[in-house]
Amino acid sequence: MMKGMKHIIIVIVIMGFMLLWPCPSSAEKTVINVGVVLDLSETVGKIGLSCINMSLSDFYDAHPHYNTRMLLHVRDSQTDVVTAASAAVELMKKEKVEAIMGPVTSMQASFVVNLGDKAHVPIISFTATSPSLTSLGSSYFFRIAQNDSTQVHAISDIIQSFGWRQAVPIYIDNDYGRAIIPFLTNSLQQANIRVPYLAVISPSATADHIEEELYKLMTMETRVFVVHMVGNPGSTLFAIADRIGMMKQGYVWIVTNGMANTLASLDASDIQAMQGVLGVKTYVPKTKRVVDFQARWKRRFLQDNPAMVDASINVFGLWAYDASTALASAVERANNNNNSKPGFQNTMNNASSNFSEIDNIGVSQRGEELRDALSDTRFSGLAGQFGLVNGELEAATFQIINVNGNGEKVIGFWTPQKRLTRNLSSLIKSSTTDLNNNHDNVLGAMIWPGDSYSVPKGWEIPTNGKKLRIGVPVSSRPQFVKVENDGETNTTKVTGFSIDVFEAVVQALPYALPYQFIPFAKPNGESAGTYDDLIMQVYFGVFDAVVADTTIIANRSKYVDFTLPYTESGVSMVVPVKDKSKKGAWVFLKPLTWDLWMTTGCSFVFFGFVVWVLEHRINKDFRGPPSHQIGTSLWFSFSTMVFAHREKVVSNTARFVVIIWVFVVLILTQSYTANLSSLLTVEQLRPTVTNVNDLIKYRTRVGYHTGSFVRGILLNLGFKDFQLITYNSTAQCDDLLSRGSQNGGIAAAFDEIPYIRILLGTYCSKYTMVDPTFKTDGFGFVFPKSSPLVGDVSRAILKVTEDPGMKEIENAWFEKQSSCQQEDASVSSSNSLGLDSFWGLFLIAALASISALLIFAVTFLYDHRHQWWFIHNDYSTWTTRIRILLRIFDQRDPRSQRFRRGGTDSVKEQDKDNYDQSSSTIGRHHHHHDHSLDAASTYTESSFSFQGSPCEDSNSDNSNVEQNNLHSQPSQQEN
C-alpha cells in the first residue's frame with residue numbers, strides 16, 4: 001500500500017514539474033507572412049482556401065516543435081487580372097509577404113509571376129495550368145498542378161484508337177485556351193489526324209454567338225470535337241449543343257481536364273446535356289488518407305459555407321493542400337538557414353521620384369533560400385507523390401472518363417509510358433499498345449451521344465442540305481466519262497465506265513452518300529481545262545471530289561488525295577504493224593527448228609536399226625546382202641512417215657516398237673502440217689517500231705493525247721517539242737498513225753494502257769502495243785487532302801473490283817470485237833516448233849526401243865549360252881566369243897515360223913536335229929581339256945561350216961545340213 005502511494009506521488013511531482021516548466025508560446029515562433037490571392041466568389045477559390053487552412057492546421061499539429069508559423073494574408077482577386085496584380089503588389093509592399101499562393105487563373109498568374117520574379121517572391125499556383133506560364137522562364141514560379149500540355153497525347157491517342165482522321169478543337173479565346181492549341185495540333189498531326197478548323201469562343205461570348213459557331217461546325221464533315229474550357233462557359237456550350245441537335249448519334253465530344261476535373265461541381269442539368277462525352281481527368285489514387293480527408297473537408301467546408309451543400313472537393317483542392325504543406329516545410333528549412341534574413345531590401349533610391357510603386361517593392365532577402373527549399377521538397381501528398389521538376393509537377397496518369405447517367409464512368413487510363421490501357425494492373429505485363437483502330441482492347445464499354453452504343457465514324461455529310469459536289473470532265477473519251485446536255489429539259493446526263501464504277505462504290509458504302517455531278521465546262525459546253533486544272537478545283541474547294549479517268553501520279557498527290565485505283569496502270573507505246581513474213585523456196589523448213597529436224601532424222605535411223613536387229617534372224621525381208629539390209633531398214637523407217645511401209649514385222653518386241661514410233665510420227669507430221677499451213681496462210685504481223693530510243697535518235701514524230709501528263713514523260717525521255725503531236729480522239733490518233741511520220745503523221749502514240757485497249761479494240765490488228773511500259777498507279781477518284789471519305793471509298797473499291805459485277809461493267813463499255821485477232825503487244829520472234837515441245841515423245845520412243853533391244857539381247861544370250869560361254873578358257877578369248885555370237889546372230893533362226901512356212905516336215909525336223917546336234921557337240925568339247933588350240937579351231941570351223949553364205953538359197957541350206965552331219969559323226973564316235 002505504501003509502495004503504491006510512492007508511485008502516485010512521483011507521478012504527481014513529475015506532472016507538476018512539467019506544468020511549471022516554461023513552454024514556448026506562439027509569440028516565440030517565427031512568423032512568416034504568406035499572401036493568398038484567390039477568386040473567393042468562385043467555388044474553386046473557396047475550396048482552395050479551405051484546403052490551405054486545413055493543410056497548415058494538419059502540418060503544424062504534426063510538427064509542433066517547428067520554429068516557424070505561416071501567417072496567411074488573404075486577398076480576393078474578384079476574377080479580375082488587374083485586381084489580382086494589385087493585390088499581389090499590396091501584399092509584397094505592405095505585408096512584406098515572402099510567398100504568394102495563387103492566383104487562380106493563368107491570365108492572373110502571368111502578371112503576378114513577373115512581379116514575384118522581380119521581387120524574388122515565390123509564386124505557388126495550384127490552378128494555373130496554361131503552358132504559356134512555362135515560357136516566362138521564372139525560377140520563382142511553382143506550378144503545383146498538371147501542365148495542360150501533358151494531356152494532349154492522351155487526347156490524340158483516344159482519337160487514334162477509334163480510327164478518326166479529323167478533329168476540331170473548340171477553345172476559349174484567352175491565355176488559358178490559346179496556349180494549349182499548338183501542343184494539341186502538333187500531337188494530332190503526329191498521329192496523322194487532321195485539324196481542318198479551330199473554333200474560338202470569346203470569354204464574353206453570348207449564347208447567340210456560341211450557337212452561331214456551333215451551327216458553323218454543323219456544316220462541316222467533321223464530327224469529332226475537342227473542348228478546352230473551364231466549367232462555366234463549357235457547360236453553356238454543351239447546353240446549346242444539346243438544344244440544336246449536336247448531342248445526337250454520330251457526334252463525338254472530348255473534354256480536357258479543365259472540365260473533366262470539375263464535373264462533380266456541375267449542376268444536374270449540365271451533366272444531363274453532356275451524356276456520352278469523353279473526358280481526360282487527372283488520376284488521384286483513392287487511398288484511405290484521401291477518403292478520410294474528404295470527409296473532414298466536407299464537414300469543415302459546410303461550417304464555413306453552409307449554403308454550398310452540394311460542393312465536393314476536386315483535384316485542385318488536393319493540390320492546394322499539398323502546395324501548403326510543401327510551402328510550410330520549405331519555410332521551416334529556409335528559416336533554419338543562418339544566412340537567411342527576413343524582410344525586403346529596397347534596391348531603389350528613396351529620394352528619387354522617377355520609380356513606380358512596383359519598383360519600390362524591393363527584393364525578398366529570404367527568397368532564394370525559400371525557392372531552393374521548395375525545389376528540393378519531396379513527400380507523399382494527398383494527390384500522390386509530391387516532387388517538382390523545373391518548378392512543375394511531373395507528368396502523371398490520366399483517367400479516361402465517360403459521362404453517363406448522373407456522373408462519370410472510368411473506361412480506361414493513360415500513362416506516358418504505356419499510353420492507353422483499360423486498367424492500371426495490366427501495365428506490369430503489357431508493352432506499348434498499338435492504338436490504330438484498337439479501342440476495344442484499350443478502353444472499356446461506353447455510351448455515345450444520343451444514347452448510342454455504336455462507335456461514330458467521326459464524320460458525316462454536312463447537314464446544310466448540300467450534296468457532294470463531284471466534278472466530271474467533258475471528256476473526249478466517252479467510254480470513261482460522257483456528258484450529255486438536254487437543252488429542252490436543261491438537265492445534264494453523265495455516263496461512262498468511271499461513272500458506273502463510282503455508283504457501284506457508293507452502293508457498297510455502309511451509309512448514304514448524296515452527290516451530284518457537275519461538268520467541268522465553259523458555258524458553251526467546251527472543256528474548261530485539262531485534267532490537272534480539274535483536280536486543282538478540288539484543292540481550291542470548288543468541287544468536293546472528282547470522278548473521272550484521273551491517273552494517280554506523284555505531282556497531283558501534293559494537292560489532293562486519291563482513292564485506291566480501280567483500273568490497271570501504266571503508260572505504253574502503240575505503233576502500226578505490217579506483215580513481215582517471207583514465203584521463199586525454203587519455207588517448208590521453217591515449221592521446225594534445226595535441232596528438231598536433226599533429232600527427228602537421227603530418230604528415224606535409230607528406229608530402223610532397232611527393227612533390223614529385232615527382225616534380222618527371223619524375217620527374210622531383213623536379210624540379204626548388207627546394202628539390201630541397210631536400204632530395207634531405212635526404207636521401212638522413213639516410210640512410216642507416210643504409213644507406206646510394206647514389210648511385215650514378225651517379232652512381238654518389234655511390233656511394240658513400231659506402234660510407239662508410228663504414234664511419234666503421227667504427232668510430228670500433224671504438228672508440221674498445222675504449222676506450215678499457218679506460215680503459208682496467216683499474216684505474220686510485226687511492229688514497225690520496237691525501240692523508243694530509235695524514235696528519239698532519228699527525231700521521229702510521236703503523239704500523245706491533248707492535256708495528258710504523258711507529255712512530261714516524253715520530255716523526260718529526251719523527246720523534243722517539235723517531235724510531239726497531240727490528238728483529241730481515237731479517230732484522230734488512227735489518222736496520224738496511218739499517215740506515218742514522213743507524211744505529216746506520227747510513227748508511234750504514247751498513252752495510258754486503258755486508252756490503248758480502246759484503240760486496239762476499235763482498229764483490231766492495224767496496231768500493236770510494245771514496250772517500254774512506264775509504271776503509273778492507274779485511275780482513282782479524287783478527294784481533298786485528309787478527307788475521311790478516302791478510306792471508306794477505297795475499301796468500297798476493293799469490294800467492287802473483287803465482285804463479278806465489275807466484269808459486267810467492263811463488258812458494257814469495252815466489249816471486245818470478235819474480228820480482232822491481236823490485242824497483245826508481244827509478238828513472238830519465231831513461229832517454228834522446237835525440240836522443247838516434243839522431247840517427251842522422243843524420250844518415250846527411245847525408252848521403248850532400248851527396252852526392246854535389252855529384251856532381245858538377254859533372250860539371245862541365254863538361248864545360245866552353250867555355244868559362246870562353255871568354251872575351254874585356255875584357247876577362248878572374249879574376241880572369239882564375240883565372233884561366235886556375231887556368226888550366230890547372222891544366221892537365221894531355224895525355230896522361226898517364218899522360215900518353216902512352205903517346207904517339208906522332214907526338212908524342218910532335220911534342221912531342228914542339226915541345231916540340237918551342233919549345240920551338244922560344242923558342249924562335249926568343253927570337257928576335253930587336252931585339245932590343242934588348232935583342234936579347237938578345226939572344230940569350230942567344222943561345227944559351223946553349215947552356215948554358209950547369207951545369200952545362199954534353201955537348197956544350199958539343206959546341203960549344209962548334210963555336210964554338218966558328216967562332220968559331226970566322228971565326234972559322236974569319240975564319245
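This is a predicted model: local features need pLDDT of at least 70, side-chain atom pairs count only at pLDDT 80 or more; totals for chains, interfaces and linings use all residues.

Modeller: Residues are numbered from 1 along each chain as its sequence is written, and side-chain values use heavy atoms, with hydrogens and water left out.

Biologist: Why is the pair of phenylalanine 162 and tryptophan 164 called stacked?

Modeller: Their centres are 4.7 Å apart and the planes sit at 10°, so the pair is stacked.

Biologist: And why is the pair of phenylalanine 604 and tryptophan 661 called edge-to-face?

Modeller: Here the centres are 5.0 Å apart but the planes are at 85°, so edge-to-face it is. This pair links distant parts of the chain, 57 residues apart: phenylalanine 604 is in helix H18 (residues 594-615) and tryptophan 661 in helix H20 (residues 652-681). Helices here are DSSP runs of H or I with at least four residues, and strands are E runs of at least two, numbered from the N terminus.

Biologist: How do you know that phenylalanine 604 is buried?

Modeller: Buried means under 20% relative accessible area (exposed is over 50%, partly exposed in between; 1.4 Å probe, protein chains only). Phenylalanine 604 has 4% relative accessibility, so it counts as buried. Tryptophan 661 is buried too, with a relative accessible area of 4%.

Biologist: What makes arginine 477 count as sitting over the ring of tyrosine 755?

Modeller: The rule wants NZ of Lys or CZ of Arg within 6 Å of the ring centre and within 35 degrees of the ring normal. The charged end of arginine 477 is 3.3 Å from the centre of the tyrosine 755 ring. Lysine 457 lies over the face of tryptophan 459, at 5.5 Å from the ring centre.

Biologist: Why is H23 called roughly perpendicular to H24?

Modeller: Axes are lines fitted to C-alpha atoms, for helices over the stretch in contact (heavy atoms within 4.5 Å), and angles run from 0 to 180 degrees between N-to-C directions. The axes of H23 (residues 730-739) and H24 (residues 753-763) come within 10 Å and cross at roughly 70°. Under 35 degrees is roughly parallel, over 145 roughly antiparallel, 65 to 115 roughly perpendicular and the rest oblique, so H23 is roughly perpendicular to H24.

Methods
Rings of Phe, Tyr and Trp (its six-membered ring) pair if their centres lie within 6.5 Å; planes under 30 degrees apart count as stacked, over 60 as edge-to-face and the rest as tilted.
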